[in-house]
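Grab your viewer and work through these exercises on helix packing and ligand contacts. Try each task before reading its solution.

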Amino acid sequence: MSKTSEEHSLLVLENYIGGKFVSCRSYIDSYDPSTGEVYCKVPHSGKEEVDAAVAAAKEAFPEWSARSPEQRAKILHKLADLIEANLEEFAQAESKDQGKTITAARTVDIPRAAYNFRFFSTSMLHHTTDCSPMDHMGCLNYTVRCPVGVAGLISPWNLPLYLLTWKIAPAIAAGNTVVAKPSEMTSVTAWMLCKLIQQAGVPPGVVNIVFGSGPRAGDALVSHPEVPLISFTGSTATAQRITERSAPYCKKLSLELGGKNPAIIFADADLDQCIETTVRSSFLNQGEICLCTSRIYVERSIYSEFLERFVAAAKKWKTGVPSDPSSKNGALISKEHLEKVRSYIALAKSEGGIIHCGEGLDQLDLPEHNKSGYFMPTTVITGISDSSRVMQEEIFGPVTCISPFDTEDEAVARGNGVRYGLSATVWSKDVGKVHRVAQRLQAGLVWTNCWLVKSITIKH
Ligand code: NAD
């Protein structure tokens with residue numbers, strides 16, 4: 001069948017298996033979120049492609065795992081150098097594929113992806129091991145860490161290259177070989193990475209990337225008997241499915257999931273710093289970061305002032321075309337996701353919530369070409385009960401809810417009152433209070449008087 005001229009201009013990706021680019025029988029459409037147009041075709045891989053990738057990874061494992069950490073580190077450094085050398089090309093592609101601003105891609109996603117390779121290659125050189133003396137016998141117990149074989153890596157769409165490399169880098173630095181499946185909605189930078197993997201001298205089969213949907217390619221990987229380890233980042237619902245599917249094989253599982261992260265703001269907080277940071281923590285990357293703040297609890301004595309200043313600052317957080325350097329937010333990932341996020345705002349309204357800015361109130365000034373893109377203005381809601389689905393479920397968009405509290409105990413209880421426990425922030429100048437509250441919050445990560453401060457902090 002001959003192709004239309006439109007099909008000719010589309011970017012068509014290929015799987016990367018055993019060091020070779022391989023086409024697929026069928027393809028999935030991938031959309032540019034800023035225009036709503038199909039711009040890329042992603043392989044719709046299934047069991048056949050996953051089987052081939054696992055076989056390649058298995059074959060490559062003995063040689064790769066036998067190399068010294070130094071030998072592997074040299075290759076990983078080269079890969080980091082190559083990503084940095086191609087930073088602008090990657091940033092452009094990531095922004096087009098995901099809808100995020102070019103600035104975010106250029107300053108956060110891509111530098112971090114390069115850093116992931118540097119970080120894990122060097123960390124493997126300095127591994128130590130715990131040892132416990134068995135004093136009555138004169139013997140020592142110690143632990144030896146070994147690669148496990150073929151690692152199956154599944155990543156989401158919100159920080160595509162950053163989170164994919166966060167999985168590939170530690171797995172191969174430790175001597176495993178991998179089969180990775182990026183999100184079908186954001187596959188382009190992973191495909192570009194394959195070319196650099198070749199150039200960096202990663203041996204064929206060490207990194208295999210199979211593109212496709214979760215239920216098809218993802219499921220084939222998760223239920224493959226020769227993949228003993230699955231590392232997954234994504235939604236809690238998918239993690240439940242993966243846990244069930246991998247259970248018969250007793251696989252090692254690493255699951256990084258969603259959040260409904262609270263910010264607890266006491267009256268003695270530095271409000272200038274707190275408002276600036278909390279606007280950022282609520283809306284960065286269109287609110288599509290698992291660590292974004294989505295529930296803000298403010299001590300009642302400063303509540304009115306906080307709300308007024310927060311809404312004013314949120315309105316200045318510009319949503320616009322991703323390529324515009326003045327845009328702070330770009331487009332949401334998909335039409336379905338935009339509708340889902342909007343549905344929570346409709347629900348909030350139906351429950352008597354007040355919308356202070358954003359959806360339904362503020363018009364976006366978008367060029368004609370972007371009018372069908374999945375844009376949504378930053379939205380602030382108050383007056384919603386903690387038991388509402390708006391306060392309980394992960395919305396994963398540029399939406400945050402604000403509510404007053406009276407006592408420290410109340411703030412902690414409400415902060416903990418969701419089924420998620422990913423992260424939280426606490427704002428106060430009282431050091432004792434900050435430590436006390438942070439310890440009582442049931443979150444894996446608590447930032448105090450800051451947000452998203454990590455080993456490499458990139459200001460955006
Ligand atoms: P998702 O769970 O829908 O998809 C994630 C990945 O899983 C995709 O590659 C998808 O194709 C695959 N998948 C889907 N169904 C599958 C199945 N049945 N078997 C195997 N794989 C399957 O998540 P998403 O919408 O892509 O990402 C957003 C979610 O990720 C949010 O919940 C967010 O909080 C979370 N997230 C968490 C972290 C973290 O580090 N904790 C980081 C980023 C995103």
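**Exercise 1.** Find how many residues surround the ligand, and which are the closest.

*Solution.* Start with the shell: 28 residues surround the ligand, counting a residue as near if one of its heavy atoms lies within 4 Å. The closest are Glu184, Ser235, Thr238, Leu257 and Glu394. Before going on, a word on ground rules: this is a predicted model, where local features need pLDDT of at least 70, side-chain atom pairs count only at pLDDT 80 or more, and totals for chains, interfaces and linings use all residues. Residues are numbered from 1 along each chain as its sequence is written, and side-chain values use heavy atoms, with hydrogens and water left out.

Next, look at polar contacts (pairs of N or O atoms within 3.5 Å). In Glu394, a polar side-chain atom sits 2.5 Å from a ligand oxygen. Thr238 has a side-chain N or O atom 2.7 Å from an oxygen of the ligand. For Lys181, the distance from a side-chain N or O atom to a ligand oxygen is 2.9 Å.

**Exercise 2.** Work out how helix H3 and helix H5 cross.

*Solution.* Two packed helices are described by the angle between their axes and the distance between the axes. Take H3 (residues 69-85) and H5 (residues 102-123): their axes come within 8 Å and cross at roughly 165 degrees. That angle makes H3 roughly antiparallel to H5, the label for anything over 145 degrees. H3 passes H5 in a left-handed crossing (the near helix is turned anticlockwise from the far one by less than a right angle; clockwise would be right-handed).

Now the residues in contact (heavy atoms within 4.5 Å). On the H3 side they include Leu76, His77 and Asp81, and on the H5 side Phe117 and Arg118 are among them. Sorted by class, this contact has nine nonpolar, three polar and three charged residues.

**Exercise 3.** Which residues of helix H2 meet helix H8?

*Solution.* Lys47, Val50 and Val54 of H2 meet Ala217, Ala220 and Leu221 of H8. By class, that gives five nonpolar, no polar and one charged residues.

Terms used. Helix = DSSP H or I, 4+ residues; strand = E, 2+ residues; numbered from the N terminus. Nonpolar A, V, L, I, M, F, W, Y, C, P; charged D, E, K, R; others polar. Polar contact = N/O pair within 3.5 Å; in protein donor to acceptor, adjacent residues only side chain to side chain. Axes fitted to C-alpha atoms, helices over the stretch in contact; angles between N-to-C directions. Parallel < 35°, antiparallel > 145°, perpendicular 65-115°, else oblique.
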